[in-house]
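I'll jot things down as I go.

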Amino acid sequence: MSYTLNIYFNILILLLMSHMIGDFVLQSTVMAEGKNPANNNAIDSIWWLTAHGATHGLLVILVTGIPLLGFLEMIMHCSIDHGKCIKLYTFNTDQLLHIICKIVLSFFALNITPTTLGLIK
């Protein structure tokens, strides 16, 4: 396996693992329920959704060292989760869309110079 391909898969694995941590370890029940606009929440659902997306964005920054990719992840994650919350698609489709985003972000991370705390390179 070429060095570049090896780095790509390392980034992808770290991003997928960080996604699992962000969705299943760091997301509380309050946040999971709060980001759904159908629920009656003391705090508007957009704040819960943004906080959850920001968590994922930060995880992408920590893995890649590229703040722009973290910001893109935040936007994409919020958009995908909102679609799931309003029942545009199922949980499985939601997770598939997140995986596709990680595949794309890994490609960008491989081709952009990291500027902060990247774990790779």
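**Entry 1: α4 against α5**

I started with who meets whom here. From α4 I wrote down Leu 69, Glu 73, Met 76, His 77, Ile 80, Asp 81 and Lys 84, and they meet Phe 91, Asp 94, Leu 97, His 98, Cys 101, Lys 102, Leu 105, Phe 108 and Ala 109 in α5. Contact means heavy atoms within 4.5 Å. Helices (H or I, at least four residues) and strands (E, at least two) are DSSP runs, numbered from the N terminus.

I sorted this contact by class and got 9 nonpolar, 2 polar and 5 charged residues. For the classes, Ala, Val, Leu, Ile, Met, Phe, Trp, Tyr, Cys and Pro count as nonpolar, Asp, Glu, Lys and Arg as charged, and the others, Gly among them, as polar.

Before going on, I noted that this is a predicted model, where local features need pLDDT of at least 70, side-chain atom pairs count only at pLDDT 80 or more, and totals for chains, interfaces and linings use all residues. Residues are numbered from 1 along each chain as its sequence is written, and side-chain values use heavy atoms, with hydrogens and water left out.

Next came the geometry. Two packed helices are described by the angle between their axes and the distance between the axes. The axes of α4 and α5 cross at roughly 165 degrees and come within 10 Å. That makes α4 roughly antiparallel to α5. Axes are lines fitted to C-alpha atoms, for helices over the stretch in contact, and angles run from 0 to 180 degrees between N-to-C directions. Under 35 degrees counts as roughly parallel, over 145 as roughly antiparallel, 65 to 115 as roughly perpendicular and the rest as oblique.

I also looked up the handedness: α4 and α5 have a right-handed crossing. A crossing is right-handed if the near helix is turned clockwise from the far one by less than a right angle, and left-handed if anticlockwise.

I checked Lys 87, which sits in the loop between α4 and α5 (91-111). Its phi is near 65 degrees, a positive value in a residue other than glycine. I noted that most residues other than glycine have a negative phi. Is Lys 87 buried or exposed? Lys 87 counts as exposed, at 69% relative accessibility. The cut-offs are under 20% relative accessible area for buried, over 50% for exposed, and partly exposed in between (1.4 Å probe, protein chains only).

**Entry 2: α3 against α4**

What angle do α3 and helix α4 (residues 67-85) make? I found about 145 degrees, with the axes 7 Å apart. The crossing of α3 and α4 is right-handed. On the α3 side the contact includes Leu 49, Gly 53, Ala 54 and Ile 61, and on the α4 side Pro 67, Gly 70, Met 74 and Cys 78 are among the partners. The classes come to 8 nonpolar, 9 polar and 2 charged.

I picked out Ala 54, which belongs to helix α3. Ala 54 is partly exposed, at 32% relative accessible area.

**Entry 3: α1 against α3**

Helix α1 (residues 3-25) packs on helix α3 (residues 45-64) at about 150 degrees, and their axes are 10 Å apart. That makes α1 roughly antiparallel to α3. Their crossing is right-handed. Among the contact residues I listed Leu 15, His 19 and Gly 22 of α1, plus His 56, Leu 59 and Val 63 of α3. By class, the contact of α1 with α3 has 6 nonpolar, 6 polar and 1 charged.

I followed up His 19 in α1. His 19 is buried, with a relative accessible area of 1%. Leaving out residues up to four places away in sequence, His 19 touches His 56, His 77, Gln 95, His 98 and Lys 102.

Val 63, in helix α3, was next. Val 63 is buried as well, at 6% relative accessible area. The C-alpha atoms of Val 63 and Lys 102 are 11 Å apart, though the two are 39 residues apart along the chain.

**Entry 4: the whole chain**

I zoomed out last. The protein chain has 5 helices and 0 strands. Of its 121 residues, 37% count as buried. Among contacts with a separation of 6 or more, 66% come from residues 24 or more positions apart.
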